[in-house]
Amino acid sequence: MNRLAAAYRQAVDRHRQALRHWEAARRLLGAAGPAPVGSPELVARLARLGGTLAAAVPGTARVATHPVPVRVGEATTVDGAFPVLVPVGAGAHLAIDVDARDPRVGELLRAVVVRLLTAAPAGAVRVVGIDQAAFGAAFLPLRPLHDAGVLAAAATTEAETTALLDAAERHARTAQRADPEDRELLVVVVASAPPARELARLAALTHAGPAAAVCVLLAGYSPAAPGGMPGRAGGQWPAGSPAASGAPPLGAATQLRVTERYTLVGDPPGRPFSTDGSGLAAPVVLDGDPSHAAVTALARRLAEAADDSSAVTFADLLPASRWTESAATGLRTVLGRAGRKPVTVAFDDATPHWLVGGRTGAGKTVLLLDVLYGLAARYSPAELRLMLLDFKEGVSFTEFVPTPRDPSWLPHARAVGIESDREYGVAVLRELRAELTGRADLLKRHGVSRLADLPPNARPPRIVTVVDEFHVLFAGNDALARQAVDLIEELARKGRSYGLHLVLASQSTTGVEALYGRAEAIFGQFPLRIALPGGDAVLDPLNPAARGLTVGTAVLNTAAGAPGADVEVGFPDAHAAAADLAALRHELHAARPAGSVPPSVFRGHETPRLADDPAFAALAPGADPPYALIGRVVDVAGSPAGFALDASPGRHLAVVGTAAAGAELLRCATLSLARQHTPGTARFLFAPLAPGTTDLADDLAMTLAAAGHPVRRLDAGALCALLAELAGDATGPDRTYLVVFGVDAAAGTLAATDPGTFRSGHDDLRAVLRQGPARGVHVLGWWRGLRRLADDLGGSGHRDDVTGLVALNVPAADLGLHLGVHDLAWTPREGRALLVDRHDHRTALVVPFGDERNSP
Ligand SMILES: Nc1ncnc2c1ncn2[C@@H]1O[C@H](COP(=O)(O)OP(=O)(O)OP(=O)(O)O)[C@@H](O)[C@H]1O
């Protein structure tokens, strides 16, 4: 009897509590009555009332920072029915013990989502869903919200769930650091509880507090420990439920238990219905689905608002007016947005250099274009100069250089390397170091220590050098890589004070051999890190901020990648805005200062042609000394590559290597020399000795003869005779060019000794090499091997008898030995040659002229 009486008293208490709850709700609603909906007065009053009913005023609830009461159903008591409101929003969650395969649960989840979205301002709530049990069926009625971009496609597999949780955790970390005003609420709707590991991660999210701006609506979850639920004291949870496998406890969640006829609502966190933890003492009928019309109207409103505000576009990156900003203290541009807030990045004292990482296809090129156009629109060429280096096959920077289709260029661009050679990269870095030295002098002259302190009229532009796929520059452990590392280190260390800024972008920063031991010293100078998808390597190894990023987003970190200094930024797809980019480029091009010149361009895949070469066109009779042109130097200016044939001993040119390009090189050298002589002042003697060179030599002879030059064709015997003649005191026209295709093919003939004079052809050749130049005789010879050249010269002591050398496919070790140079930076490859001038100990990587006879 006593037990019966106690139960009755308990039931009456619960009714009273329920009534108190209903009364409180009614009072709050009443208090909100007289003020106009949405008015500041009403909002203020609601805030005074604890913000509890802000949800009643559509579009005003600050759900990303505070929980708001959201209706879940209607409670029935003997005295009548009342709405049941539970707190939902940032840091306040909902758990239901049955999953959404029970239609009542699916309907409730959808109703809560729609109410939250309705209550909050457009753009303040984003919804993601997990439904592995029913493949996303629970979300189908919300399709219009998906189309409006506020509801992501549901995760229906374990992998998708993991990715979704990665993103949710990232969201939480970003929100915790963000200004509360900029937070966006992420609602994670779980239609069916995922496996234990994912469930544990969801539970962890519920413990993250309101600052994480996450709200979890978790169906199919029963708490592991009984309690907090009416009528469940000591109850057993069904096998197979999360409870059976030890469901992790949730933080700040209202627990709902769905029975056959009604639902029991547990105590909401911080606002319990009961004093004893037994929850609301009234059965609740859950709310059903929101009407289709309501969902569509909501989706339409949100989509319209999104069009206005959320998508970050290329136009968002641009300033109101062009070229109005000063680079005195640094360069700044908008990279994209974090939430709705623009994110500015800078090249200044705090972040002088940047490191950008991202796997291929992650949007690196797009991000760099966004930055470059943003800068170019803000700063005039007098404030900003760009050096752009790309080491991959691609088109990253092609749009900045003139092409036949679009002759405009970006006036800030000074040098652009497309599919660059490492040597070109090093040449650019050398030029930058020279600039650094020049600027150090300039600063000294003005008695200041920083670029910013120079008077405006003396201040040179800041130079931003972008090196895309920079790991190529450091690849291998050779002399060139070491030079590159030294230069980068120096530029990174000193650049800050002199207005030289570096952006190193790569798929990876690991595995760069040449950096061993130096990576820290170098990358320590790069405080600004941008991690794109797959670009975790630019962040601290303990910083997970870039995990699971999607294309179009990046993590920005201004503390050299240290955890906790990350901002997730969305940036626009510059490729998709190609027309806008072109329009801006044309605008900037049209505004270029008088006297602007296009950038010098290096295209690694291109073969220059003698006939098109401006240096060739500029050659004219009377040049002294004549210059044998063979191609272009791989340097910033793309200088002509050649060799001056003056009167000093040894001024001859030896092309060495088995590559057929050797014959072509001699042809170009000869044609360029012929152009520097009026007919009759030079004779050209051709000896096509290597197989397959006859046609080329005959062709060349005909061309020269047609231009009026005396020409003669020699075989090996005639060559020996001629050498004997030239070794004597024979005089001829001003100049004699002996052009031998395959000198080594004459080795046998040259070795033979004249029985009368005891002189061999080799003796005569060596005499000509030594004394010829003084008499205007120069040998242009192709040797198909270095050893053969050395033999013909008579040993290493006579190496200086030929001072001009063009190495084709000759291994670096052999060439280094021949030249007596240790650690020669040379990698033989097709389309490149190493030009050596032994007189001034100069070597230069050259792109030799291609064979235009076979070109279209
Ligand atoms: N902000 C963005 N929004 C939408 N799509 C983007 C965005 N940025 C890049 N993309 C898309 O991603 C693809 C790859 O971009 P991008 O060419 O910049 O990659 P990448 O990292 O430079 O790749 P790779 O190294 O292979 O050249 C492109 O199709 C591009 O349109």
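How many helices and strands does the secondary structure of the chain come to? The chain comes to 21 helices and 30 strands, where helices (H or I, at least four residues) and strands (E, at least two) are DSSP runs numbered from the N terminus. This is a predicted model, in which local features need pLDDT of at least 70 and side-chain atom pairs count only at pLDDT 80 or more, whereas totals for chains, interfaces and linings use all residues. Residues are numbered from 1 along each chain as its sequence is written.

View 1. Strand S13 (residues 384-390) has seven of its seven residues buried, so it is largely enclosed by the rest of the structure; a residue is buried if 20 or more other C-beta atoms, placed from the backbone, lie within 10 Å of its own, exposed if 12 or fewer, and partly exposed in between. Leu 384, Leu 386, Leu 388 and Asp 390 point one way from S13, while Arg 385, Met 387 and Leu 389 point the other way, and all are buried. S13 runs parallel to strand S15 (residues 462-468), to which seven bridges join it, and two strands are taken to pair if DSSP finds at least two bridges between them. Leu 384 has Arg 462 as its bridge partner in S15. Four bridges pair S13 with strand S14 (residues 413-418), again in the parallel sense, and there Met 387 has Ala 415 as its bridge partner.

**View 2. The open sheet of 10 strands.** The strands follow the order S22-S21-S30-S29-S28-S23-S27-S26-S24-S25, with mixed pairing. Strand S22 (640-644) and strand S25 (711-713) are the edge strands, each pairing on one side only. Within this sheet, neighbouring strands are turned by 25 degrees against each other on average, direction ignored. Five bridges pair strand S29 (residues 833-837) with strand S30 (residues 842-848) in the antiparallel sense, and Val 836 stands opposite Thr 843 in S30.

**View 3. The hairpin of S10 and S11.** Strand S10 (residues 330-338) and strand S11 (residues 341-348) run antiparallel and are joined by eight bridges. The bridge partner of Arg 337 in S11 is Pro 342. Two residues lie between the strands of this hairpin, in which Gly 339 takes a positive phi near 65 degrees.

**View 4. The crossing of helices H9 and H11.** The axes of helix H9 (residues 422-446) and helix H11 (residues 479-498) come within 9 Å and cross at roughly 35 degrees, with axes being lines fitted to C-alpha atoms, for helices over the stretch in contact, and angles running from 0 to 180 degrees between N-to-C directions. The residues of this contact divide into 11 nonpolar, three polar and seven charged; Ala, Val, Leu, Ile, Met, Phe, Trp, Tyr, Cys and Pro count as nonpolar, Asp, Glu, Lys and Arg as charged, and the others, Gly among them, as polar.

View 5. Of the 16 residues around the ligand, Gly 363, Lys 364, Thr 365, Gly 552 and Asp 573 come nearest, a residue being near if its C-beta atom, placed from the backbone, lies within 6 Å. The residues of this shell divide into six nonpolar, eight polar and two charged.

**View 6. Ala 167 in helix H5.** Ala 167 has its place in helix H5 (residues 158-177) and is buried, with 21 other C-beta atoms within 10 Å. The C-alpha atoms of Ala 167 and Ala 546 are separated by 9.4 Å, although the two residues are 379 residues apart along the chain.
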